[in-house]
Amino acid sequence: MAGKRPTGSTAGREHRRHTQRVATPTGTLRPVGTVHNAIRPRDPAVLNRLAGEVALRTFTPEQIQSWRCEIHEQTLLTSRSIDGPNFTRVSRADVERMVRMYDDRFFDGKILPTASAEGLRFALSSRMTSTAGKLVTQYPEGSHDGIRQFQLVLSSTLLFQTFEDVSRGVKVAGCPCRDRIDAMQRVAEHEFVHLVEMLIWNDGNCSEARFQSIASRYFGHTDYQHNLITQRERAAVKFKICVGDTVQFYHDGHRMTGRVNRITRRATVLVPNPVGERFSDGERYVRYYVPLEHLRKG
Ligand SMILES: [Zn+2]
């Protein structure tokens with residue numbers, strides 16, 4: 001938002017519980033232990049120190065897992081919108097709280113106050129339908145060297161698409177997710193790495209080595225596609241295949257025809273067969289797990 005003064009916090013009224021922050025006399029929430037005006041916007045000394053830390057730190061898979069579980073638990077406990085692991089409501093405050101919990105644990109709470117010194121907002125978008133998250137950097141002073149305004153946005157639409165069918169596995173950033181909160185955490189982790197890169201180096205790209213090194217050392221990510229789209233979306237976009245489609249494929253040299261029942265990394269195709277398993281429609285089918293690229297719409 002050009003021309004808008006950085007406020008240091010976009011929190012405020014939506015937060016009732018703020019376990020790790022205190023209210024200043026103006027009512028603005030600040031991280032405990034930081035004197036907010038001690039951080040000058042885009043201070044090279046501060047950013048260089050952060051660069052040194054971020055370039056080196058590595059967390060063990062056990063540590064990553066343990067903090068992720070804590071964040072998962074805390075999200076369930078403290079959110080006013082999220083009503084379960086596969087929530088049907090989520091708010092901007094949830095995005096901010098989640099990212100803050102990551103900052104506190106993985107970055108000693110240093111990233112958000114430093115970014116906030118320039119300008120940092122969180123948002124949730126229902127109109128983003130092809131990417132699960134994005135990090136927008138604006139230069140309100142019109143200069144690449146000037147103050148930046150960061151906005152970290154997650155797509156509620158894509159989050160709600162994950163675990164619509166609870167039985168199917170979902171992987172985000174190469175990591176298996178148990179539920180919708182887990183998927184939201186993976187997307188938040190990816191976007192947080194974008195924020196870290198933009199804040200410190202003023203550029204960044206998830207298809208390049210530095211991003212991938214950070215995402216791997218901090219969060220164990222193994223997949224860095226910026227478009228963290230769901231498998232269902234991927235299938236629909238790339239292979240033009242959706243659940244319910246009639247498809248054909250070859251199995252042991254035979255051409256089979258069936259219907260797509262679910263899509264993960266492969267499609268589950270149900271082929272009518274009198275000796276197959278009985279399904280809820282009363283018919284019997286045999287399940288085939290077929291790579292998406294081997295299916296043809298029939
Ligand atoms: Zn990305």
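Biologist: How do α3 and α6 lie relative to each other, roughly perpendicular or roughly parallel?
Modeller: The helices α3 and α6 are roughly perpendicular to each other (65 to 115 degrees; under 35 is roughly parallel, over 145 roughly antiparallel, and the rest oblique). This is a predicted model, in which local features need pLDDT of at least 70 and side-chain atom pairs 80 or more, whereas totals for chains, interfaces and linings use all residues. Residues are numbered from 1 along each chain as its sequence is written.

Biologist: At what angle do the axes of α3 and α6 cross?
Modeller: The axis of α3 (residues 92-106) crosses that of α6 at roughly 65 degrees, and the two come within 10 Å. Angles run from 0 to 180 degrees between N-to-C directions, with axes fitted to C-alpha atoms, for helices over the stretch in contact. Helices (H or I, at least four residues) and strands (E, at least two) are DSSP runs numbered from the N terminus.

Biologist: Which residues make that contact?
Modeller: From α3 come Val 95, Met 98, Val 99 and Tyr 102, and from α6 come Met 184, Gln 185, Ala 188, Glu 189 and Phe 192. Contact requires C-beta atoms, placed from the backbone, within 7 Å.

Biologist: And how does α2 pack with α6?
Modeller: Helix α2 (residues 61-78) meets α6 (residues 180-201) at an angle of about 120 degrees, with the axes 10 Å apart. The pair is therefore oblique. Arg 68, Ile 71, His 72 and Thr 75 of α2 face Ile 181, Asp 182 and Gln 185 of α6.

Biologist: Turning to the sheet, what is its strand order?
Modeller: The order is β3-β5-β4, in an open sheet of three strands with mixed pairing. Because β3 (120-125) and β4 (133-138) each have a single partner strand, they stand at the edges, and one side of each lacks a neighbour in the sheet. The twist from one strand to the next averages 20 degrees.

Biologist: How many bridges join β4 and β5?
Modeller: There are six bridges, in the antiparallel sense, between β4 and β5 (residues 149-155); pairing requires at least two DSSP bridges. Leu 135 has Leu 152 in β5 as its bridge partner.

Biologist: One more: is Cys 206 buried or exposed?
Modeller: Cys 206 is buried, since 23 other C-beta atoms lie within 10 Å (20 or more is buried, 12 or fewer exposed, in between partly exposed, with C-beta atoms placed from the backbone). Cys 206 sits in the loop between α6 and α7 (209-219). Glu 191 is 15 residues from Cys 206 in sequence, and their C-alpha atoms are 9.5 Å apart.

Definitions and conventions
Two residues are in contact if their C-beta atoms, placed from the backbone, lie within 7 Å.
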